Amino acid sequence: MTRTARTRAGWACAAVGLVFTAYSARLIHLQVAKHDEYAQMAAQTHTMRQVIHARRGLIFDRNGELLASNLPVRTVVADGSHIKDPAAVARLAAPFLQMDETELTRRLTTDRKYVVIRRGVAEDTALELGRALQESSLRGLYFEQDAVRIYPNGHMLGHVLGFLDHEGSGVQGIELTMDRYLRGKDGYRYIERDRTGREIMLYRGQEEPADNGLNVRLTIDMNLQAIVEEEIETVYRDLKPETAVAVMVDPHTGEVLAMASRPCFDPNSPGAAEPEQMKNRAVIDMVEPGSTFKIVVAAGALNERKVDEKTLIFCENGRFAYGGRILRDHHGYGMMSVHDILVKSSNIGSAKMALMMGDDSFYEYVRRFGFGERSGIELPGEIPGLVHPPARWDNLTITRMPMGHALAVTPLQIVMGMSVIANGGDLMAPQVVRSVEDCDGRSVMEKPPRLVRNVVPNKTAGFVSNALAGVVGPQGTAKLASVAGYSVAGKTGTAQKVSPTGGYAPGKYVVSFVGYLPAEDPRFVCLVMIDDAKVSSSVNYGGTLAAPVFSRIGEKAARYLDLVPAMKAIPMDATPLALGSSAQERTN
Amino acid sequence: MNTSPNRRKQVNPVHFTSLVRWLVVALFCGSAGLFFVFIKNQQFALGEEIRQVERKIREVRAANEVLLARVTELSSRRVLQQRIADGFITVKPIPDIAIARLIPPTEASGDGVIRTAFNERLRQ
């Protein structure tokens, strides 16, 4: 070989070597330097993160009755890159999905790989649609597991249970407050799909199983709830009030046994409800409590030794001039004991006891009974009520507050205040959640009864309780609250309704009765509150409207709880008609 | 033409040992390759089977949950109360003998006292 030929061959080899070196360099660049980037791109093409949905926890009542459950459904999603003929897919799927074909075609005509077409498709429908797609050799629609929340009892306990939004998060009630327990944690797995969209099992990647939500057991007893709901529904239907509320608690533990409000809504279809229907009046409405509040001043005055069992207070024969205004009683009373002041519901007697106590001392007892502060119950939106400190009182407040005016409280606070008297002087924290359990029923979290504070000694509570039993007796204002065979204690309340524009709304009253049964060893305390019943003013009293409802609830509850009767049946009188209509006179 | 008596016969000897060795290696490689393909196919087939079984389990579980939800709804207090109101079902008193009591009932003797959950008629 000549020198020239060798040179040429050398150049050719060098050129080839250079080309191969360049290719090698590029290969190394792709395989090593850019490995992660291209691996990720490849993975994005074939790999997807499949969500394994956690099952939301169930809600039970205290006896294990199911209150909230899950119904499996499918979410239909489309992968635009898999759809070759959107019109054909839409034509096939539209009847199954109950969607307009044109609209569906428009939504399927996309390059996006994940488009939610419809949520909440029934399992059967999804299966049928899947088969139809397979038979027609069409692809691009996929079905993801999902679930909708169902509440088998409909509107019953709806305010307490609440509901979920479309993303499955709690919006109201227990669904909201216990969401972190109920929700669970979604799992995931990385999968690869072949060109037909089917998972290639061989390449199933990292996987984390779903952590299902925990079950919540409430303190509610659905048997008692049904009793309360039935009665409150009857009241709402017959008397047509603006609102009606009933709350039943166990005074010894603070456990809420039943809680019902009207108007109400069905949590299965919250979209159909008006905002007013969704309010749980027991914790978010505040009202002037009326005479039910007299237990506070009586217990406070007794405990502060301003009065005793034998003290007689002059009730000014029904007209008490104080602070430039006249305070009236329903009837003119002379000298009365504390017992009689409660039984007769004397406004003047109560005001005088508060005057004996003084502003600060009386205010302290109002707060000790739990008024003016949130109870901490596991229900959202609870308000503290409105109790002004003495520094903001005018000179009439000390005479108005003992009879339940000049302050605002929630129905739940009234029940818990009465529970103080019923259980011997302890303020218990109300609770609606009893425990949180795993899917095997093992308790994860227990909520034992919580004592907030001792308000009054047992002896004081016993004295007030004895007087409250007299309220339901033949001489009291709540004869109609009696339950044949049982001793009942309680207090009526009739308060003129506060107008949103200021002052009081003429002819509108909030009437209530809060009592317990059996008086000697209460198994439950129950409040019935009726706001602005459409009845004659002459019968619009706590003793005539709310007390009979309590009686019916008490009778049925006693049967259910199998309480042993302690006394003979008391013959029921006809409904008494009260006279007078001024706001002060009606506060009995 | 070579007529020498010492002419050696020119042959290429077959090294059977070596040949067999290479054949074994080739066979082994071939078998390994085929086995690899077979295993891979098996894996795909099993994977597909697992996928089908998983799908069936999911469907059965979902169907079960749908039925459970339906049972829950049909046996709910609301529906039962409605059925009682419509007359489809009736509530029958429980014979006293069938009630296990924690608190012994008190005898009624015409005193007008209510005896809770106490059915005098069925007690006879």
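I started with helix H16 (residues 411-422) of chain A and helix H17 (residues 458-471) of chain A, which pack at an angle of about 110° with their axes 8 Å apart. That makes H16(A) roughly perpendicular to H17(A), the label for 65 to 115 degrees (under 35 is roughly parallel, over 145 roughly antiparallel, the rest oblique). The axes are lines fitted to C-alpha atoms over the stretch in contact, and angles run from 0 to 180 degrees between N-to-C directions. Helices here are DSSP runs of H or I with at least four residues, strands are E runs of at least two, and both are numbered from the N terminus.

A note on the model: it is predicted, so local features need pLDDT of at least 70 and side-chain atom pairs count only at pLDDT 80 or more, while totals for chains, interfaces and linings use all residues. Residues are numbered from 1 along each chain as its sequence is written, and chains are lettered from A and ligands numbered from 1 in the order in which they are written.

Which residues meet between H16(A) and H17(A)? I found Val420(A), Ile421(A) and Ala422(A) on the H16(A) side, and Ala461(A), Val464(A), Ser465(A) and Leu468(A) on the H17(A) side. Contact means C-beta atoms, placed from the backbone, within 7 Å. This contact has six nonpolar residues, one polar and no charged.

Next, the cores: sets of buried Ala, Val, Leu, Ile, Met, Phe, Trp, Tyr and Cys residues joined through C-beta atoms within 7 Å. Buried means 20 or more other C-beta atoms within 10 Å; exposed is 12 or fewer, partly exposed in between. The largest nonpolar core has 134 residues, and Ala246(A) and Val247(A) touch the most other members. Leaving out residues up to four places away in sequence, Val247(A) touches, among others, Val256(A), Met259(A), Pro411(A) and Leu527(A).

Then I checked Leu517(A), in strand S20 (residues 504-517) of chain A. Is Leu517(A) buried or exposed? Leu517(A) is buried, with 30 other C-beta atoms within 10 Å. Its C-alpha atom is 9.5 Å from that of Ala557(A), 40 residues apart along the chain.

Last, chain B: three helices, zero strands, and 3% of its 124 residues count as buried. The 59 residues of helix H1 (residues 16-74) of chain B should span 87 Å, and the end C-alpha atoms are 83 Å apart, which agrees. The expected span is 1.5 Å times one less than the number of residues. H1(B) is hardly covered, with two buried residues.

Methods. Two residues are in contact if their C-beta atoms, placed from the backbone, lie within 7 Å. Ala, Val, Leu, Ile, Met, Phe, Trp, Tyr, Cys and Pro count as nonpolar, Asp, Glu, Lys and Arg as charged, and the others, Gly among them, as polar.
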